Amino acid sequence: MTVNIARAICFVAATAFVSAAPALADCGDESGFLIKGDTAVLRATPPPSALEVGELFALTLEICKAPAGMEIIRLNARMPAHGHGMNYEPELSRLDDGRYLAEGMLLHMPGEWEFVVDVRSSDQSERLSVAVDLKP
């Protein structure tokens with residue numbers, strides 16, 4: 001009986017430790033879109049189909065694959081074919097649950113936009129990107 005109690009205490013302690021550590025998001029979730037680099041992958045929500053030309057929006061970013069200690073440091077969007085970016089600078093903040101929130105984004109015209117995210121750890125940095133076709 002004492003051994004089972006000790007096992008139960010160890011299990012509860014281990015479970016509490018695991019749940020306290022920020023978990024990586026599931027890259028397979030279909031609720032958003034993926035932004036990929038060489039070593040890191042992020043999931044962004046909402047999906048591109050929810051974005052509208054000329055409407056302010058926010059993106060929630062989750063790291064679902066990355067080297068240890070990787071953090072998101074910058075997000076922007078640009079139109080490669082036109083050589084310009086957004087007319088607004090988004091504000092990026094880290095949420096308590098480990099996700100990031102980019103607010104104040106606006107895609108001011110239809111066409112192909114590229115979301116660009118810079119990530120960094122203590123010993124490496126990487127630029128991730130994905131193209132999104134914004135319909136009129």
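This is a predicted model: local features need pLDDT of at least 70, side-chain atom pairs count only at pLDDT 80 or more; totals for chains, interfaces and linings use all residues.

The dialogue below takes up the core and then the strands.

Q: Which residues touch the most other members of the largest nonpolar core?
A: In soluble globular proteins, nonpolar side chains tend to be buried together. A nonpolar core is a set of buried Ala, Val, Leu, Ile, Met, Phe, Trp, Tyr and Cys residues joined through side-chain atoms within 4.5 Å, where buried means under 20% relative accessible area (1.4 Å probe, protein chains only). Here the largest such core has 28 residues, and I35, L59, M105, L107 and F115 touch the most other members. Among the elements that give two or more residues to this core are β3 (57–65), β4 (71–79), β7 (100–105) and β8 (111–120).

Q: In which sense do β4 and β8 pair?
A: Strands are DSSP runs (E, at least two residues), numbered from the N terminus, and two of them pair if DSSP finds at least two bridges between them. Seven bridges join β4 and β8 in the antiparallel sense, with A77 facing its bridge partner F115 in β8.

Q: How many bridges does β7 form with β3?
A: Four bridges link β3 and β7, again antiparallel, and F57 has M105 as its bridge partner.

Q: Which residue takes a positive phi in the hairpin of β6 and β7?
A: G98 does, with phi near 95°, and five residues lie between the strands.

Key. Residues are numbered from 1 along each chain as its sequence is written. Side-chain values use heavy atoms; hydrogens and water are left out. Buried means under 20% relative accessible area, exposed over 50%, partly exposed in between (1.4 Å probe, protein chains only).
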